[in-house]
Structures are given as structure tokens and as C-alpha cells.
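Here are a few exercises to work through with the model open beside you. Try each one yourself before reading the solution.

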Amino acid sequence: MRWPGTRVASGVLAVLLVVIVVGPLVAPYDPAAPVGLPYEPPTPQALLGTDALGRDLLSRILDGGLPMLGTALAGAVAGSALGTVAGLLAAWWDGRSGRSRWVEGAVLRPLDTLAIVPPMLLVLLILTAFTGHAGLVLAVALTGVPLSARVLRAAAAPVVTRAHVEAAVARGEGPAWIVGRELLPLVAGPLVADLGIRFVAAIYVVTAAGFLGVGPSGTDWGTLIVEALPGVELAPLLLAVPVVLVALLAVSVTVLADDAVRRSRAVLA
Amino acid sequence: MIRLVAGRLATGAALLVLLSLLVFVGVDLLPGDAANARLGASATPARLAETRQRLGLDRPVLVRYADWAGGLLRGDLGTSVSGTPVSAILGGRVANSALLAGLTTILLVPISLVVGMWAGLRPGSRRDRGVAVASLLFVAAPEFVTAGLLVLVFAIGLGVLPAVSLIPPGAGPLDRPAALVLPVLALLLLHASYAVRMIRATIAATVRAPHVEFARLNGEPPRDVVRHAVLPAVLPVALQVWLLTAAALVGGTVLVERVFGYPGIGEVLVTAVRTGDLPVAQALVMVLGAGVVVALLAADVGVRLSTPTLRTAEQPAPVAFR
Amino acid sequence: MSRALSRRQLLRYAGVGAGLAAAVTACGSPASAPTVVGSGGGGAAESLDPFISGTPSDYARNWTVFDELFAISDGNPLPRLAVGVDQGDGAFTVRLRDGVTWHDGSPFVADDVAYTLRYLASPERPVPHELTGFLDTAQVQVRDPRTITIPTLQPVGDPAMLFAGAGMRVIKDGATFAPGGTAVGTGPYRLGAFEPGRQARLTRYDAHWDGAPFADEIVVISLDDPSARVNAVRTGEADYAADVPFTVARTGAGGDDLEVRSAGDTQRTSLGFVMNTTIRPFDDPRARRAVRMLVDRQALVDRVLLGYGVTGNDLFGHGARYFDDTVKAPATDVAGAKALLEQAGAVGAPLVVRSAEYEAGMNGSTELFVEQLKAAGLDARAEIVGVQEYFAPDALAATHLLTFPLGPFPLDVTYARSAAFPTLALNDAELKTAVATAFSTPDEAARAAAWKTAQAVMADRGNWIVWGLADTLAISRRNVAGIEVRDSAKYPYLGKAGLA
């Protein structure tokens, strides 16, 4: 925090998001249609050169941010949301009933079966059944749920017995009100941090699946990295550009997630 | 402590039972089956039906599950689609992957502690920022890209290390240590970076804590401050990070193994999934799941032993994943 | 060693390795004891059983340890353990080579062939062998140690070609192949140490009937990743790697003592799409012809193959005997194609092109092909799936076009394989009659005429779009010589390999 990491990260992320969202609209060519021969060097017409099939790399980069972001975000949000529900449930019932921890037994333990399968194996298994982006979203979500649930339960456990929560219960507030007004604001830090971690993990899963030859095809940045590998000696830019972009995205989100963790510690302390 | 270990073992066993059910019945819902995979393009409906019957695939799924789970308990991992026993396929490969993961963990412990301390003892300094940025980058870059770059530099460019892990039959990777260098290095760059980040953050927080401030103001020499005030606070966290990294390395070596053609489980796993060799994939899930259960158990016990307040407590140890 | 690379004749099966690429590497060592290494795309499920072979390294190893009755050389059957076949009534008689010994010293006899046929027909086999559809393996008669009579279930016009096309290796009477065991063959190399998915060390068998091999030892290495195979040769850990990416030819071998070799024209793989004639719009021959007139074959060759290949003529089977290379693909004619589509009522019909990367370039060609169809105003869409689900019958039935690669098989293998699924086959009476005649007639001229007819049908109203013939490239140390291709350039025959 004494170094301007957080501010730089916010700036980088903002620029990346603009590129990702506006990119498909400003791409000079159809990202799927060939504009030249394969592995052409950069020219004024194709600023970053062409890919393995003669398609414009710049257009593919501009077009590929959104599916990457969409898949990773959808998976991260789905995993984090399911984990939050499970974690809050466990914290609430087990925390408030005091002794019996049946929700943990009924909800979190079964989720642990997912946690003990190495993530790569889980991804491979799921992608055998559901190919394409839907499979990736599911894979990312399932690898994240048990961890998110644990994080949220740990964050919410000390909160559920606080005085203001007791007061809200005594007032007769409904569960939605209590969760929305009393619990979520206090666990927002860990929640955001967890979402960031899930998002970075999702980016990783998307590229790794491509590398193992089980990912979906298309123009998302992860796929671009994998497609670039065979021709890296002919056209280093094909690999370098998506790798740098993915790394920037992952790093900026990680820095911001770390910051959220630090802040949430301060809140919960 | 014995009660704790026994309890955790029981939980682990229950998890594995649940996992086996999930894996068998879940996989059964996937499109295609062993008969499909065996026959491939030569499948006709009549041939498929005949093969299913011969392989017993026409029986109800729970009956087949009972068969399979019973086999697992006897140490029989089943038969691959190719007709080879799964245990013969996995054979030394599980050990080879474990070797890769183990070596990485062993090297990761001192490296992450030293680098984490070196950076974290002076939070905000130039070296701290350098370590923070470098570790972030290595965590963010896919390890197969890092591994590919290592091959380009050290094998193709400098020619000092082998580009592929060619281990002669009958020998183990330890007989050709040079072949282990780049795979372990690629794994280290990723996983040590993660450990460094966690340890650095803990140390940076600890050196700002009041009791450390107090010791320093009391004029204790820096070395003693580190030994008496910082390390005791950092070690439990570090231990947990290391053990969780070890757990993540179970099955986490797949991508790097593929880059180097390392004879571990990675290649088996990818081939099994791509060719629909479900018996192999199912057995691998169970073997690796058991490995992770053991690693997590060790993490749990280790954290408790190193944290005085938790040594007698009943609540579960805080488990943080990446 | 003057036995030069001109003899590298290759036949290549496409897609055999279920998505696994393969390589063969030949490894150098002390000058007096040349070591040749073959490396192939891995799989810990590799087996010593030559009837389970599934990966290129499996084939490369088993094809060197065992011998076949007939091999394929230049598209023709080459007598190996058999010296000839005599046609009979509902059966044929195979005459076997004299003076062949197994690696354990025992003589090769007709009982070994009889056992092999029983073995491959056994119901316990994980995969039914294709020969069981043609031969009555239960009624095989051993006449004497050199003669065996095999009854047929349907007329077989050219039994030598049948055996050669099936690549049937002969195993020893009573052989079983338990994991961890060994394999005894009659081939030019004995099996030494072997670890599935890693390496097999093959030592030379001096008493081989075809003359002693040249190399003292061959090491077959399994490496799945194409880049890893190339790197193994570039860093000197291996001498030869087969089936390497086209980008390697573009970048260059990467050393003065290295070279990129092409397996040659007759060993090219035919790459194409098959139209599903069981559903609209390709149940109408005009729609089939229209799409064949739309595709820009040269654009696909330039991009998917980086120019390492030539355009195809829409017929599978290039490089095989009886292949009709006088047939020309329809000329590109977008306006004419659109007119045909209109006549067929197929304008605006959705077209799904299904693909899996079980051969390098399949998905790339599909993506570009779809773009070409779209550019012509068709409603086309690529459906890229995993290798293991590619042949799922339901999905195949619902797809309009699918990618299909085939090596230079004998034509009967090509036509049988392309008709393996109802959705791949062309239901045409004239074609069926011609193929059946070509397969069953023992008369050479009649067979040639029948194949000519079959190919004319495919050229006229067929459901194939063979857009390109792809080179098969290898990276090799310059002094590696004598690597021949019998079945496939992906797993060449190493029996005559050596260091020059």
C-alpha cells in the first residue's frame, strides 16, 4: 500500500476493460476470415501480423477479450455465488444454533469431495461431458465452490453472533433483510477478494484447457495463446501479445483482490 | 491429537467414498462408454450391444459401481479400455509425478522462506516491490508458457539441459537428474511465487505488529528480533502454505509434464480423457483424491502442532486455498 | 550404407492414434554401434500385443518386432512371411516362407499363423479385428508347416491385399501379452527393455530372414507433444522424429546436421470433408456438387498446410493402387453453385460442419471452410468437439458435413472405412456394385475397371470434398538412413534403419 500498486492495478484494469468491451466494435477485420497468408509479419494493413491461418491478429485480440472475460467472469461469479450461499448457510445455522453443525456436515462436507479432486482433473472430466464455453464455466464454478464456501463461512462465522445481528433477529427482520443489510456488508471484503481469486483461477483454467487440447475453439485470449505455440518461432508476437494481456489482467485483478483482503481484515478485526 | 487424526481420517475416508460414487455414477452419465471407446469408428449398433454385454455394461449402474468399488478396496483399479489393467498403466507414473511434486515442495520451502523474509522484512523497499512484481508475474503466466521459455533458453539456446525427459526403461527420473531440472524449475517458478507472496505478506504484517516494534525499540539485535518475534508468528502460516502447495502439486504437474514429455500421470490423464478411457480416469481421480486427502490431513495436523492456541481446540484449522 | 532415402515409401493411416501425434526418432551413439531411435506419440496404455496397438510408437515398435504376411510397398502387396496365395473355392491357401525363425530360435510354422487368426478372432479381444468379417477363422486348416488354407466368409479377390491392408502381424503359437512380459517375434529387432508410454529398446536380430539389420539398437521413444519431439531431435537426444508440424519446415531444421524430410507425394494424407447424404440438403446430388464448386482448395492448402501439400481432386485414396488421378475436382464456380443450390431448394439451409483435432489441421480447415461457405452466402457453422465424442452416432447423424482424413490405404480399406457409418456412406447402387466387384473379383482387369467405375461415381455425384493432400514431415539427423514407410509415415518401418 505504500507503493502505488493498487492505483496502477486499477488503471491497468480499467484500460484492459475498455479494450475488451470496445474491442469487438473496432476490430479492423472479421476475426474469423483470413486476410493474408499465415504468419505474415506486421504490416500497415495487419498491425500485429497474421495468425496460423492468415487471420488478422489484432482483430482476433480485440475480439477475444470479451469471450475470455465472459467465460472467466461467469465461472467465477457462479462459483463464488454458490460458495457464498453455502458458506453463509453454514455460518448462520451452525453459528447461531451453537452446538450441532449439521449444515456443515450436509453442505460443506459434500463440497469437499470436489476440493479433493485436483482441479485440472476436474476440469478435464467436466470438459469431456460439456464441451465449449458452457463446460468451462461449469468447470471453473465447480473448482471454486468448495473454496469460496470455506472462505465465506470463515468470514461470516464471527459476524452472525454480533449484537447488531441479534438485534435484527430480535426485531423480527426477515432472512433476506438480515443477509442483505447485516451480513453481506461485513463479508463484502472477503467476498470481493474471493471473487478476484476465482477470476484469476478461471483465466488459468481457460488457457490450460486449451493447452491440453480440450478447450473450445474461438478467439478468446487463452485459445490464442495455445494456437500460437506451434508457430512461436515464426511469429513471436502471436504468443507474446495474448500472454502479456492475460498476465496483465490476472496481475491487476490479483493486486486488487489482495487489497480487498487487507481492507476486509481491517474491518473484521 | 490421536482423536483429531482419527476423526480426520474418518472424514477423509467418507469423502473418498462419496467421491467414488460421484465419479462412477457421474462419469456414467457422460456421452459414450467403454464399448464406444473400444470400438471407435468401427462401432455398429449390434457390435456395441454385444461389447456392452461382454463388458457387463448392460447391468444397472449401481451394480457396476459396487463391483468397481469392491475392486478398489482390494487394490484392483479396474481394466482400461485397451484391455490393460489400470494398475499396470499407472504403475511407476504415480511415483514419478510424486517425485516431481516432492522435489518441488522440498526446494520450495527454503526458497520461499528466504525470499519471503528478504522482501518482507523491509516492506515497501525496492527489493520488496521487485519480489512482489516478479512473484505476481510468475503466478499469472501459465506454467506451460514459462516451461516453454525455459526450454528455449536452457535447452535449445544454451544447450546445457535436456529439452525432454527421456527416462530409459527400468530407470527412474533420479537416474537422469538433469532431466528433472527444468520441469522442477518451471513448477517452482509458479508455486514458489505463490508461497513467497503469502509469506512475504505475513512477514510484512508481523514486522509492523506491536510486539515486534516493542522488541526492536528495546534494542534487541535484528537477528534476535527475527528469531524470537517474527519467525514464530510466520512459521505456522508458512507451514500451512507449504502443505497446501504440496496438495496442489498432486495432479498439478500435468501441464509441465506434457511440455517435457515427463513420464508421469499427466500424459495418462490427458490421453484417458481424450480417448474416453473412463476406467483410467476414474482410477486416477480416486488415487489423486486419496493423495490430496493425505496432504490436507498433514496440513491440518501440522498447523495445529505449530499453533499453540489450536493445539487443544476443537474447531477446524483455517484452511486457505489459492 | 547406400540403401538410401529414395526407398522411403510411405503409407499412412490417418487418425489411427486417436488424436495422438507420433514421432520416430533415431538416436546416434558410438560410430561402431549405431543406435536408432523411433519415437511415437505416447500412451501408457501401449501394449506389446500387436493387435492392440493404438499409438504410433506402438506401431513403430510392434512393426519392427513382428513381421506381417504381406506388407504394403508402393501401394502393392509385398510378400513377407507369406510367399504367395492360391485362390480356391470359398477359401484360399497361403504359402509360407521357409527358413524363418522366432527370436527364441524356434522355427516359424503354419501353426503360428493359425494361432494368430484364432487369437485375433477371440471374443475376449477388446476390439474386434477387421479380418474377422472376411475370414472363417474357426475353420482354418494347416496343410503342412509351410501351407495353410483359410476359408472366407465372403469372396476375397485379392487376399494378399487384404492382409497387407489389415497390417496383420504374425504372433507365435500360444503367445500371450501380459503387461510387464515380453514379446517374441520374427522381426528384424528383438524387444529389450520396454516401458509403455516411455521407451522401448530394440536390439538387432542377426538371423532375420530378410538379412541382418544395420543398427545394433533402436530406441523407440514415446513423446506426445509435437514440440517436444522436435526439441528432442534439435537438442541431440534423438535422431529422428516423424510427423512434425509444418511450422518446422518453415523455420528450418535448426542445425547443420539436421534436415526436414518429406515422405513424398505418394505418402500424402488426403484431407477432406464428407457430406451426410441421409439428411437435407446433401440427399440431393445437386447440393453436393454445389458445395464442391464453392470450396477454394488452394486457399486451404496455402493456409492449413502452409503450402506443404497440393490440392485434392475430391477422391480419397491418393497414393493407392487403382487410384484414379485423372479425375479433376469441379472448377470453382460460385454463380453456378448458387444456381444448383436453388434447383435443389437448398438456399439458406443451415450447414453444420463437425470437426475434431484428431489430425493436425482438421479444426483449422473447418474454420476456414466455414468462412468460405459463409462468404458464398450459406448459413454455415463449425461444430468443434473433442476427439472421443467425434464419432458419437447421434451427433454424426445430425451433422451435415464432417472432417475426414485418410492416408493412402488400399482402396478397399478406404471405401470400407468411409462407409463405416451410415451417415458417411453414399447410398448408391452403382457404387455398391462396383466396390463389391472390385473387392471380390480375383481378375486383375475386372478389379481395375470396377475401381474406375466406383471412382467415377464418386467424382460425379459423390459426397467427398477432398481439398488437399498433406505432406508428412519428419525432422532428422542427416546421417539417419534407411527409414522406410510401409503403413504410415507417422510410424515408419525401422527394420532397415541405420546411421550412414
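Predicted model: local features only at pLDDT ≥ 70, side-chain atom pairs only at ≥ 80, totals over all residues.

**Exercise 1: a helix pair in chain A**

Residues are numbered from 1 along each chain as its sequence is written, while chains are lettered from A and ligands numbered from 1 in the order in which they are written.

Task: find the angle and axis distance for α7(A) and α8(A), and the residues that make the contact.

Solution. 
- Step 1: locate helix α7 at residues 175-211 and helix α8 at residues 221-228 of chain A (helices are DSSP runs of H or I, at least four residues, and strands are runs of E, at least two, numbered from the N terminus).
- Step 2: the two pack at about 35 degrees, their axes 8 Å apart (axes are lines fitted to C-alpha atoms over the stretch in contact, and angles run from 0 to 180 degrees between N-to-C directions).
- Step 3: α7(A) brings A:V206, A:T207, A:G210 and A:F211, and α8(A) brings A:G222, A:T223, A:I225 and A:V226 (in contact: C-beta atoms, placed from the backbone, within 7 Å).
- Step 4: sort these residues and you get 4 nonpolar, 4 polar and no charged (Ala, Val, Leu, Ile, Met, Phe, Trp, Tyr, Cys and Pro are nonpolar, Asp, Glu, Lys and Arg charged, and the others, Gly among them, polar).

**Exercise 2: chain A overall**

Task: how many helices and strands does chain A have, and what percentage of its residues count as buried?

Solution. 
- Step 1: count 9 helices and 0 strands.
- Step 2: 57% of the 269 residues count as buried (20 or more other C-beta atoms within 10 Å of a residue's own; exposed means 12 or fewer, partly exposed in between).
- Step 3: among contacts with a separation of 6 or more, 69% join residues 24 or more positions apart.

**Exercise 3: a covered helix in chain C**

Task: which residues of α3(C) are buried, and what covers them?

Solution. 
- Step 1: α3 spans residues 159-166 of chain C, and 7 of its 8 residues are buried.
- Step 2: those are C:P159, C:A160, C:M161, C:L162, C:F163, C:A164 and C:G165.
- Step 3: the cover includes β2, β3, β4, β5 and α11 of chain C.

Key. Contact = placed C-beta atoms within 7 Å.
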